[in-house]
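Subject: The structure I promised you

Hi,

Here is the structure I said I would pass on. Have it open while you read, and my notes on what turned up follow below.

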Amino acid sequence: MVTNQASMKRNGIQDWVSLRATAVIIALYSFYLTFVFFTSPALTYEIWQGIFASLFMKVFTFATLVSIMLHVRIGLWQVLTDYIKPTGLRAGIQYVLNLIAFAYVAVGLFVLWGV
Amino acid sequence: MQLNFSIYRYNPDIDDAPRMQEYSLEVEEGQDMMVLDALIALKESDPTLSFRRSCREGVCGSDGMNMNGKNGLACITPLSALGKGKIVVRPLPGLPVVRDLVVDMTQFYTQYEKIKPFLINDDKQPPSREFIQMPEDRAKLDGLYECILCACCSSSCPSFWWNPDKFVGPAGLLHAYRFLIDSRDTATDERLNELDDAFSVFRCHGIMNCVSVCPKGLNPTKAIGQIKSMLLQRAV
């Protein structure tokens, strides 16, 4: 049963809006990357690095990575509260998966820094 | 013509576990009938087969069940609509089984009670006779008031299966919106306060199973979307 304060006190409206707001950014990034992929004559390392070297692309990529983390955080909480009823187990899995989601953002950030 | 059925059987007083029992029914070639009529005919040969039914014309909502994987009312579902093969009949999914096709609807009614399904009007002087509305206000209730609480929608909703104690479910939310939109109801804010959490409304992810199965052709997903909009407009 999901009875703990941390779960019940979550704000449904905020989660609902956040999911949609982050989904828009993720979708825009996906479309943009697909567009770049298909309009580039050849995708050599230099061209690929050139794309990500611009400040716009760095900010856009980082915003997308953060959006994915927020999106995943809410989505995972919803899925886990549906399927995993023992509170301790659910909290543990949620903690580990959130850490992994954060790790992806951190790795992405370091990669962007390196470009 | 022989019709074959596979019907869910479970009597907790006798059976250790539920089982599917095979039945066959002889009908005239080309004859069609409702699933409920077939069940009544089968019950004549096996009186232990249990199911609920009352009005037998799609008004009372008693005989909601799962037929060939889709919830519906047995009394208005023709056998011809279920294809030519064996007809598999199970109780409404997600609800505890009392016996055979009879389910315990306590969770469903508890959620229905939560939304206070009655008109609340705190005006000092309510009309002593009919409480009339403008035609355009009355029209807003169309597509909402027709719900007969058969539970076909809520028991087809995975969000209700996993959180029947917290998610109000499509039927309850359809009724909630019916009172939220009623021009005579003055408890809109209180009603929205009751729904303003992460589970009651927002567990609906809009998969529209409820719309697909509603035997009255109603659209709970649309009503839930309207409630979400009302909650959002109030919050921003």
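Let's start with strands, and a definition: two strands pair if DSSP finds at least two bridges between them. Helices (H or I, at least four residues) and strands (E, at least two) are DSSP runs, numbered from the N terminus. With that in hand, look at E5(B), where Arg90(B) is the bridge partner of Asn66(B).

Before going further, some housekeeping. The model is predicted, so local features need pLDDT of at least 70 and side-chain atom pairs count only at pLDDT 80 or more, while totals for chains, interfaces and linings use all residues. Residues are numbered from 1 along each chain as its sequence is written, and chains are lettered from A and ligands numbered from 1 in the order in which they are written.

**The sheet in chain B**

Chain B has eight helices and seven strands, and its C-alpha trace spans about 65 × 35 × 30 Å along the principal axes. Five strands make an open sheet with mixed pairing, in the order E2-E1-E5-E3-E4 (chain B). Which strands sit at the edges, pairing on one side only? They are E2 (19-26) and E4 (70-73) of chain B. From one strand to the next, the twist averages 30°.

A bit of background: strands of a sheet pair through backbone hydrogen bonds, either parallel or antiparallel. You can see both senses around E5(B). With E1(B), the pairing is parallel over three bridges; with E3(B), it is antiparallel over two bridges.

E5(B) has a covered face with Ile87(B) and Val89(B), and an uncovered one with Val88(B) and Arg90(B).

**The core and a buried helix**

A residue is called buried if 20 or more other C-beta atoms lie within 10 Å of its own, exposed if 12 or fewer, and partly exposed in between, with C-beta atoms placed from the backbone. By that count, buried residues make up 36% of the 236 residues in chain B.

A nonpolar core is a set of buried Ala, Val, Leu, Ile, Met, Phe, Trp, Tyr and Cys residues joined through C-beta atoms within 7 Å. The largest one has 56 residues, and those with the most contacts inside it include Leu173(B), Leu174(B), Ala176(B) and Tyr177(B). Which helix gives the largest share of this core? That is H5(B), with seven residues.

Why is H5(B) described as largely enclosed by the rest of the structure? Because eleven of its eleven residues are buried. Among the elements that cover them are H2, H6 (188-195), H7 and H8 of chain B.

Two residues are in contact if their C-beta atoms, placed from the backbone, lie within 7 Å. Leaving aside neighbours within four places in sequence, Leu173(B) is in contact with Val168(B), Val201(B), Pro220(B), Ala223(B), Ile224(B) and Ile227(B).

Arg56(B) has a phi near 50°, a positive value in a residue other than glycine. Arg56(B) lies in the loop between H1 and E3 of chain B and counts as partly exposed because it has 17 C-beta neighbours inside 10 Å.

Asp100(B) is not a glycine either, yet its phi is positive, at about 45°. Buried or exposed? Asp100(B) has 23 C-beta neighbours inside 10 Å, so it counts as buried. You'll find Asp100(B) in the loop between E6 (97-99) and E7 (102-103) of chain B.

**Over to chain A**

The axes of H4(A) and H5(A) come within 10 Å and cross at roughly 170°. Axes here are lines fitted to C-alpha atoms, for helices over the stretch in contact, and angles run from 0 to 180 degrees between N-to-C directions. That crossing makes the two helices, H4(A) and H5(A), roughly antiparallel (the word covers angles over 145 degrees; under 35 is roughly parallel, 65 to 115 roughly perpendicular and the rest oblique).

Finally, the contact between the chains takes ten residues from chain A and twelve residues from chain B. On the side of chain A that touches chain B, H2(A) gives the most, with four residues.
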